[in-house]
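Hello,

Here is the structure I promised to pass on. My notes follow below it.

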Amino acid sequence: MAMLTNLNLATWSVSKVTEIKRRILEGFTSIKHLRHVHAALFRFGLHQDNYLLNLILKASFHFGDQTKYSCLIFNHTQQPNIFLWNTMIQGLVANNCFLHATQFYASMRTQSLLPNNSTFPSVLKACARLLDFQLGIRIHALIVKLGFDRDVFVNTSLLCLYVKCGYLDLAHKVFDDIPEKNVVSWTAMISGYIDAGQYGEAVDMFHKLLDKGLRPDSFSLVRVISACTHLGDLNSGELIDECITRFGLSRDVFLATSLVDMYSKCGNTEKARHTFDRMPEKDIVTWSAMIQGYASNGFPQEALDLFFRMQKEKLVPDCYAMVGVLSACARLGALQLGDWASKLMDRDEFLSNPVLGTALIDMFAKCGSMVQAWEIFKWMKVKDLVVWNAAMSGLAMNGHVKVAFGVFGQMEKLGILPDGNTFMGLLCGCTHVGLVGDGRRYFESMSRVFSLTPSIEHYGCIVDLLGRAGLLNEAHQLIKNMPMEANSIVWGALLGGCRLHKDTQLAEHVLRKLIELEPRNSGHYVLLSNIYSASKKWDAAAKIRSIMNERGIQKVPGYSWIEVNGVVHEFLVGDKSHPSSEMIYTKLHELANKLKAAGYVPTTDYVLFDIEEEEKEHFLGCHSEKLAIAFGLISTAPTDVIRVVKNLRVCGDCHEAIKLISKVTGRVMIVRDNNRFHHFIGGSCSCGDYW
């Protein structure tokens, strides 16, 4: 009878264990549900069953911030085995309780329990997140002692620890010792190199991964694409693109967006757009990457067209799309369009986000509306150094150089340390108005006062400043004494000074240097040709053009843009493709008569071709900026400001003509060329004829 009773009890116990196990495996709908099942363990005397407790403990970590209850379960266990300890450490790590996890590990070791290959990956992850290198070293020693140093998962966790702590040499040693490396191991090593800024090594590792016949996952592909982006390594980027197609991952939005970004930043907008167009699904990040790509690669109109298409898709622009659009508007001088786009987001977002605020300040400044730019700067809630730099550069490029100096002084008083970009803005301002003394003072203060090493761009500004002021020998000597080899920007600045002061002898020397550095750049040839033309050396100018033709070098065409009623219109020299061409040329003829009556004579020194004077005058009259201004005069109200942007320097003849046009029409005209702003009012220009 006693035996029968014991048998019934055993059967009942097994039945209850089975029932509770079934309920646990079915999962829990809430922490309350879990606690109810946990209570049942106590009722049936199963509360010290390590197997069942382990199931309950694992489930307890799935309810967010419930680690206190998990600890309660564990602390009431009289003899927790290694599985319970592992579950506890893994759960704490999964809930980002890294310090707590390492404390549990330490407690386990004090009880003389030996960790196993399930313990080490979790506790090493906790060490990596805490950057606890010393604990990681001690664990590594124990791993070797216990014979787990050949385990791929343990070694990969060790590798990640060393990478996170910045010990790439140790990480690589661990990596080399892994007998059978998996994708996670390779990805960890690649990520380590990327995080350390060693992008070339990361790309090399990726090529080796492919050579081993391994298939990378989406995460490793995204990471190595970012490395290619930083390097500008288009060839490796294209190889990854092929891998993505081969592995059937083309529909992955994150991968495709990374490719769009990579192609754009490597300057291949055609491939970026091809990738963009073939994506079946696009999120706002994808649209933003493509818009930014167009804007940063000098395709502002394409950036705006894509933005309008995005608007039709009912997508709300994010910060990066807005920055791209504002950059495009700044490039085109599209003030109305930029102002409209900025109103698609709450103004408070611009004032509280330095990235957005800087983009808006930059757009208003580059469109010649410094008043609006200043208003945004004034009300910015967070003014970091980039915001201050944008305000100073905007003031300088609009001719308010002394005000820019004042802003710099205010920044100093607030204890904000300047950087190289700060001085670029100040030096460019000095260059625009010929403040040689101030320019020298700021340049010298970089190293003497602020311990900043002038870059080659700063030297370029000083050379430009001295060259424009006619101090060509001093500028040339400065280039010779530079601590680095002069690049095309520096020599180009000196060449500009030679052109202004018609020093053909020095210009020829400079051009030889420039051709060595950039043999395919048409600008160098064109500038020397301009010098010869201005000095009436037409044969020498023709020879330069002949060399250009022989080498197949094309001159960069002059473009001008004007925005009217939110639409940007583009003009080239002698352009007759515009729908309003007939009215534009009628207006130009009318203006030409008024200018002649006012005593204007075309300055034919600036023309590149040795042709008859009458033809020269006709050609000068059709420069793209004059066409844009004529269109502005016939398309806008008499009180509107005419704003034009040109991709090249405004020639001397056009500058003189526009001054007179502003006088005879009574209109305010703002022209931004590739050097500076020109505000034409009543027959004079803000640049004081110095540009």
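Just after helix 28, Gly470 takes a positive phi of about 90 degrees. Helices here are DSSP runs of H or I with at least four residues, strands are E runs of at least two, and both are numbered from the N terminus.

This is a predicted model: local features need pLDDT of at least 70, side-chain atom pairs count only at pLDDT 80 or more, and totals for chains, interfaces and linings use all residues. Residues are numbered from 1 along each chain as its sequence is written, and side-chain values use heavy atoms, with hydrogens and water left out.

Helix 28 covers residues 456-468. Of its 13 residues, 12 are buried (under 20% relative accessible area, with a 1.4 Å probe and protein chains only; exposed is over 50%, partly exposed in between). Among them are Ile456, Tyr459 and Arg468. Their cover includes helix 26 (420-433), helix 27 (436-448), helix 29 (472-481) and helix 30 (488-500), judged by contact (heavy atoms within 4.5 Å).

**Leu255**

Leu255 lies in helix 15 (residues 253-265). It counts as buried because its relative accessibility is 0%. Leaving out residues up to four places away in sequence, Leu255 touches Ser218, Leu221, Val222, Ile225, Ile244 and Leu249.

Six strands form an open sheet with mixed pairing, in the order 2-1-3-4-5-6. Strand 2 (567-572) and strand 6 (684-685) are at the edges with a single partner strand each, so one side of each has no neighbour in the sheet. Strand 1 (residues 559-564) pairs with strand 2 in the antiparallel sense over six bridges (pairing takes at least two DSSP bridges). Ser560 stands opposite Phe571 in strand 2.

Best wishes

Note on methods
The expected span of a helix is 1.5 Å times one less than its number of residues.
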